[in-house]
Amino acid sequence: MATLTDRLVKNGDLPDVELLALLSGAEDDALRRGAQEVCALHYGREIYLRGLIEVSSFCKNNCLYCGIRAGNCHAQRYRLSREEILASCEQGYNRGLRTFVLQGGEDAAFTDDVLFNLIVAIKLRHPDCAVTLSLGERSGASYRALKRAGADRYLLRHETADPEHYESLHPSRMSYGNRIRCLQLLKEIGYQVGCGFMVGTPRQTPEMLIKDLRFLKAFQPQMVGIGPFIPHRDTPFAKERPGRLDITLRLLSIIRLMLPKVLLPATTALGTIHPRGRAMGILAGANVIMPNISPREARQKYALYDGKPSSGMETAEGIALIERELEKIGYRVVVSRGDAKI
């Protein structure tokens, strides 16, 4: 008789009650093996690296879970200059990175003109590289302008597919409807689009996680970023429990089987809650790692949650360590843009 994992591999989906069973740990070993096999079928045992550049810790939003929220008076604010960003790209390129991810809070200083000129400069210097943006909610005109400049991808986590839960995580000026509208716009404009959610946020239920899976299946993103919720000491969620590693790993495997060709990172948050979290993410079906190539003095200031690494294996200096870690589990880093095969 076929297992739940067998049927998920074959059909790319299961009824809600059976997905809940997998989330509860019904077939952990089979689920992990199935995700590894499906990932290898489409991407081999190759892992793509993305050079993460955290461009600003200023943010106009006041999301309840985030360490750089506008209301956190203890946050260390900084804003990278054009020269610092271009230098980070140059250093990353010399280390073999062929995708640069510009991530930051919703900072009004990064206007369309500033970003347009920055993206053009990156593309002129590194025409064989992809530029990914992760800069929050913007207007349709802004997204179109940045695409014309040469941006290839845009990451915007939907955070949760349950509207009421979304409201519990964000200030009233933000809405679930606008977040989804932005994602749809990005797809229509022609970006490779990434969305995703946190695992274990306050008042999240297993049924909410099933809604997230249903959203991903319907939206068909090229990239999905998930990671465990980790509280920050200067937020309203400071005393909440962090998300669980085991559930996050199961979700990575389920997403790999529901979206076989998706690009799926083993996130920094995984490596924060467990010393081998990133390797465990790869073994659960992930195929992307994002070393931080921001200037060293900026890394510790971009503190979205407590315990975020600012040195070692999560930095550009640790790429050799990443390669050795992956070799131990039978994977290898490749020099590639690593475009989605969807």
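Me: How do the residues of the lining of the largest pocket divide into nonpolar, polar and charged?

Reply: You get 8 nonpolar, 6 polar and 4 charged residues there. Here Ala, Val, Leu, Ile, Met, Phe, Trp, Tyr, Cys and Pro count as nonpolar, Asp, Glu, Lys and Arg as charged, and the others, Gly among them, as polar. Keep in mind that this is a predicted model: local features need pLDDT of at least 70, side-chain atom pairs count only at pLDDT 80 or more, and totals for chains, interfaces and linings use all residues. Residues are numbered from 1 along each chain as its sequence is written, and side-chain values use heavy atoms, with hydrogens and water left out.

Me: What volume does the largest pocket have, and which residues are the closest to its centre?

Reply: Rolling a probe the size of a water molecule over the atoms shows where empty space is left. A pocket is an open set of points on a 1 Å grid over the protein atoms alone, where a 1.4 Å probe fits, with protein on both sides within 12 Å along at least five of seven lines; lining residues have an atom within 4 Å of a point. Grid points are joined across faces, edges and corners, and the volume is the space filled by probe spheres set on them. In this model the largest pocket has about 340 Å³. Of its 18 lining residues, G200, Q204, L209, R244 and I247 are the closest to the centre.

Me: Which residues lie nearest the centre of the second largest pocket?

Reply: Those are Q76, H232, R233, Q300 and A303, out of 19 lining residues. This pocket holds about 240 Å³ of space.

Me: How many aromatic pairs does a search of the whole structure find?

Reply: A pair of aromatic rings is described by the distance of the centres and the angle of the planes. Rings of Phe, Tyr and Trp (its six-membered ring) pair if their centres lie within 6.5 Å; planes under 30 degrees apart count as stacked, over 60 as edge-to-face and the rest as tilted. The search finds 6 pairs. The F215 and F219 rings have centres 5.5 Å apart and planes at 10°, so they're stacked. For F229 and F237, the centres are 6.2 Å apart and the planes at 80°, so that pair is edge-to-face. Ring pairs also link Y143, Y154 and Y191 into a cluster.

Me: Are F215 and F219 buried or exposed?

Reply: Both are buried (under 20% relative accessible area with a 1.4 Å probe, protein chains only; exposed is over 50%, partly exposed in between). F229 and F237 are both buried too.
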